[in-house]
Amino acid sequence: MRSDLLTSILSDLNGSSADIEASSVISTDGLMMAAMLPSGLDEDRVGAMGAAMLSLGDRTAQELARGSLEQVLIKGDNGYVLMTHAGKEAVLSVLAKPSARLGLIFLDVKRAAEAISKVL
Amino acid sequence: MDNVDFDELMDHAKRFSGLTPERESLLVASGDTVRPRLQEVTDNFYAMLLSIPKTAVHLEGRVESLKATHLQWLTSLFTGPYDVEYTAAMYAVGDAHVRVKLPVEFMAGGMCLIQNELARIAGEVSGGDVDKTVSLVSAINSVLGFSLMVMQESYQSSSLAEELDRFLAITGMSRVLFNNLADAYQI
């Protein structure tokens, strides 16, 4: 039931912008809770790596006096990875195209993260 | 330490160090003649450690209590049994060395000093009998090698555990997350 709700939120998020290629909800321990990922990606690795990055982002923001972490953004040749907390126990991870308009994606991801935190 | 299979570790270390049942018997059989000389080994051992600047700093104010423990261990080399309990005790010694931040080379260096001392005594108690001396020195080398292997195994595990604790503390990652990350990559 909860998994269906999370998947539905991810589906809406992926549909909200053609720039979003994939998304997933991960526990802060790195376990996949719901995912809409391309077939080539390993869910266990996406989950663990995403949670690890967010954990490191939390610590970096704290150490460098940037306050509470809002998001971690990684840019590669093939696009973006955006991670943000979805409540205290989960991480929302999004893959976007290199040409993505980030402002719009940030808004959509923020809304989705709020919806996920309510479900959890 | 809870996850250590001491039976397996003991068998492996005995095979690797050549600590055969025959050598174990020889060590126990030579105990009556060697044991009275062990205080001398301990005294010489600590005198040598105190003469080395890098080892001396780790001994300040503790020599007498360390000597007592050392003599007890040396005695156990010539009484046996060289069993799982002995293996677990040696494993705990390796852990203790990490806790007091003793450099890794201290164990091998220390064993070398003890080996030299015991080899000299083996020659003396064997009354000039070369075959007897060689057999006893081989048995001594085996039991010291066995002990060293077990200590180094725990030293390595404890060092890695300490490094991991430090890494987790720095990154803020939980142990569960680290384990899930390792599982995901089958490490």
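1. In chain A of this predicted model, I26(A) has M32(A) in strand 2 as its bridge partner. That pair belongs to the antiparallel pairing of strand 1 (residues 20-27) with strand 2 (residues 32-36) of chain A, which extends over four bridges. The two strands form a hairpin with four residues between them, and in the turn G30(A) has a positive phi of about 95°.

2. Strand 1 of chain A also runs antiparallel to strand 5 of chain A, to which it is joined by seven bridges. Within chain A, I20(A) stands opposite A96(A) of strand 5. Strand 5 (residues 90-96) of chain A is mostly covered, since six of its seven residues are buried.

3. Strand 5 of chain A pairs as well with strand 4 (residues 79-85) of chain A, in the antiparallel sense and over six bridges. Here T84(A) stands opposite L92(A) of strand 5. These strands form a hairpin with four residues between them, in which G87(A) takes a positive phi near 80°.

4. A backbone point in chain A deserves a separate look. Most residues other than glycine have a negative phi. A65(A), although not a glycine, has a positive phi of about 55°, and A65(A) is found in the loop between helix 2 (43-63) and strand 3 (72-76) of chain A. Because its relative accessibility is 58% and exposed means over 50%, A65(A) counts as exposed.

5. Most peptide bonds are trans. The bond from G80(B) to P81(B), however, is cis, with omega near -10°, and P81(B) lies in the loop between helix 6 (63-77) and helix 7 (84-99) of chain B.

6. Also in chain B, helix 8 (residues 105-125) and helix 9 (residues 130-171) pack at an angle of about 165°, with their axes 9 Å apart. That angle makes helix 8 of chain B roughly antiparallel to helix 9 of chain B, because angles over 145 degrees are counted in this way. Helix 8 of chain B passes helix 9 of chain B in a right-handed crossing.

7. As for the residues that meet between these two helices, helix 8 of chain B contributes, among others, M107(B), M111(B), I114(B), L118(B) and V125(B), while helix 9 of chain B contributes residues including L136(B), I140(B), L144(B), M151(B) and Y155(B). Q115(B) of helix 8 and N141(B) and Q152(B) of helix 9 are also among the residues in this contact. By class, the contact of helix 8 with helix 9 of chain B has 15 nonpolar, six polar and no charged residues.

Notes: Residues are numbered from 1 along each chain as its sequence is written. Chains are lettered from A and ligands numbered from 1 in the order in which they are written. This is a predicted model: local features need pLDDT of at least 70, side-chain atom pairs count only at pLDDT 80 or more; totals for chains, interfaces and linings use all residues. Side-chain values use heavy atoms; hydrogens and water are left out. Axes are lines fitted to C-alpha atoms, for helices over the stretch in contact, and angles run from 0 to 180 degrees between N-to-C directions. Angles under 35 degrees count as roughly parallel, over 145 as roughly antiparallel, 65 to 115 as roughly perpendicular and the rest as oblique. A crossing is left-handed if the near helix is turned anticlockwise from the far one by less than a right angle, and right-handed if clockwise. Contact means heavy atoms within 4.5 Å. Ala, Val, Leu, Ile, Met, Phe, Trp, Tyr, Cys and Pro count as nonpolar, Asp, Glu, Lys and Arg as charged, and the others, Gly among them, as polar. Buried means under 20% relative accessible area, exposed over 50%, partly exposed in between (1.4 Å probe, protein chains only). Two strands pair if DSSP finds at least two bridges between them.
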